[in-house]
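Please keep the sequence and the model in view while reading.

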Amino acid sequence: MDVLQYFCHPLETLALLKLRWWGCEAVHAKCDMKKMEEDRQLCYSMLKQTSRSFSAVIMALESDLGYAVCIFYLVLRALDTIEDDMSIPLDVKLPLLRSFHKNLHIPGWNYLDSREKDAVVLNNFHVISAQFRRLAKGYQDVISDTCHRMAEGMVVFLEKNSVVDTYQEWDQYCHYVAGLVGIGLSRLFSASQLEHPAVAEREHLSNSMGLFLQKTNIIRDFHEDIRDQRRLWPAEVLRHTGNPHLTLDDLLLQDNRPAALSCLDELVGNGLTHVPDVMEYLHAIRTPSVFAFCAIPQVMAMATLERCFNNPTIFTGKVKIRRGESAFIINNCTDMAAVHELFRFYTNKP
Ligand code: D9A
């Protein structure tokens, strides 16, 4: 554990201590676990298990919206786990995905054959779906419709061996696995009456909220994904290297580092094209807990993209932002001016 970072970045260390000891509004839980019925407690504990720093921000969401987002997150994690599980053969996976949204309405349905790290949400899916069926009808419709559209999209890409060729296909893939999540969440915000109906209507902005996060994850996780036989960078980027024989796997080779870095920087540039939409989306959010919930992941992604830019570590290992940096971002995503400041900081970082 390189302790040095705590001395080199005193503000971040302060933020870490502040978050650890005093917390902040953005992560101030609005629900008391102790008084909660058992199944609800189990859902919140699965949320903590499956999302690193994000569960606290979800638990800070007010009223029944917080629990609807908790269930939405767990249901999406279950869908994701089926899509990512390379041990599930395609002739089992495709029908599983196609009928996934129906299982939300089948008492007792769960899936016990996954060995993935988040298999807990599939093993206990019967608990999650029982809680889902107790949500307000408006929330249920958004969650099941979103799952249906996402699963249909995942099937399209799995049927063509998950090859992402052009930038247009990259946007399509990211729309299915992340853009639809942004659109679904905006519909939950409006259904809760905490946000204006226009937030749900402007689907293009909600889609960009998903694409900025998903493209950042795909850029950051290149080394790990290639190792796991997932090729999610658009092959079109290779065509700009002038070497027609280059494959995505070749980008890991030391000899191809200059070509690899130019591909990396081009994709970071493509990811940044979504920032104006992200700003316009956040500008329309009125409820402080919803604002923090939406802004924190976007600023984290911006910090991650800055760290990925022209960074050879992308091709040898894992790139991530410091824990202190995450804490600083969680403590300071309070309003639009602060978010503007943070985006300006990362944009202008030497
Ligand atoms: C989100 Cl309900 C995600 N994804 C995230 C997390 O943020 C988005 C999955 C399920 C839900 C929400 C998110 C948050 C707020 C508003 C949003 C939104 O739209 C309006 O989604 C677009 O990454 C996953 C997708 C990108 C596929 C949608 C943030 C999150 N961060 C991880 C860190 C990481 O590196 O994954 O989960 C974490 O903190 O554990």
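## Cysteines and disulfides

A disulfide is defined here as a pair of cysteine sulfur atoms within 2.5 Å. By this rule, the count in the structure comes to 0 disulfides. The structure is a predicted model, in which local features need pLDDT of at least 70 and side-chain atom pairs count only at pLDDT 80 or more, whereas totals for chains, interfaces and linings use all residues. Residues are numbered from 1 along each chain as its sequence is written, and side-chain values use heavy atoms, with hydrogens and water left out.

Cys70, in turn, is in no disulfide, its nearest cysteine sulfur being that of Cys43. Cys43 counts as buried because its relative accessibility is 0%; buried means under 20% relative accessible area, exposed means over 50%, and partly exposed lies in between, with a 1.4 Å probe and protein chains only. Cys70 is likewise buried, at 0% relative accessibility.

Helices (H or I, at least four residues) are DSSP runs, numbered from the N terminus. Two packed helices are described by the angle between their axes and the distance between the axes. Axes are lines fitted to C-alpha atoms, for helices over the stretch in contact, and angles run from 0 to 180 degrees between N-to-C directions.

Helix H3 (residues 38–50) packs against helix H5 (residues 63–84) at an angle of about 60 degrees, and their axes are 10 Å apart. H3 is therefore oblique to H5; angles under 35 degrees count as roughly parallel, over 145 as roughly antiparallel, 65 to 115 as roughly perpendicular, and the rest as oblique. The two helices form a left-handed crossing, meaning that the near helix is turned anticlockwise from the far one by less than a right angle, while clockwise gives a right-handed crossing. Among the residues that meet here are Cys43, Tyr44 and Leu47 of H3 and Cys70, Ile71 and Leu74 of H5.

## Helices H16 and H19

Helix H16 (residues 275–283) and helix H19 (residues 336–347) pack at about 165 degrees, with axes 10 Å apart. The two helices are therefore roughly antiparallel. Their contact (heavy atoms within 4.5 Å) involves Val275, Val278, Met279, Leu282 and His283 from H16, together with Met336, Val339, His340 and Phe343 from H19. H16 passes H19 in a right-handed crossing.

Ser190 belongs to helix H11 (residues 167–191). Is this residue, Ser190, buried or exposed? Ser190 counts as buried, at 15% relative accessibility. Apart from neighbours within four places in sequence, Ser190 is in contact with Glu195, His196, Pro197, Val199 and Ala200. The side chain of Ser190 also reaches the backbone oxygen of His196 at 3.1 Å.

## Positive phi in two loops

Most residues other than glycine have a negative phi, and most peptide bonds are trans. Gln193, in the loop between H11 and helix H12 (197–201), has a positive phi near 65 degrees. Gln193 is exposed, with a relative accessible area of 71%.

Asn310 has a positive phi near 55 degrees. Asn310 is placed in the loop between helix H17 (288–308) and helix H18 (323–332), and is partly exposed, with a relative accessible area of 38%.

Technical notes: Polar contact = N/O pair within 3.5 Å; in protein donor to acceptor, adjacent residues only side chain to side chain.
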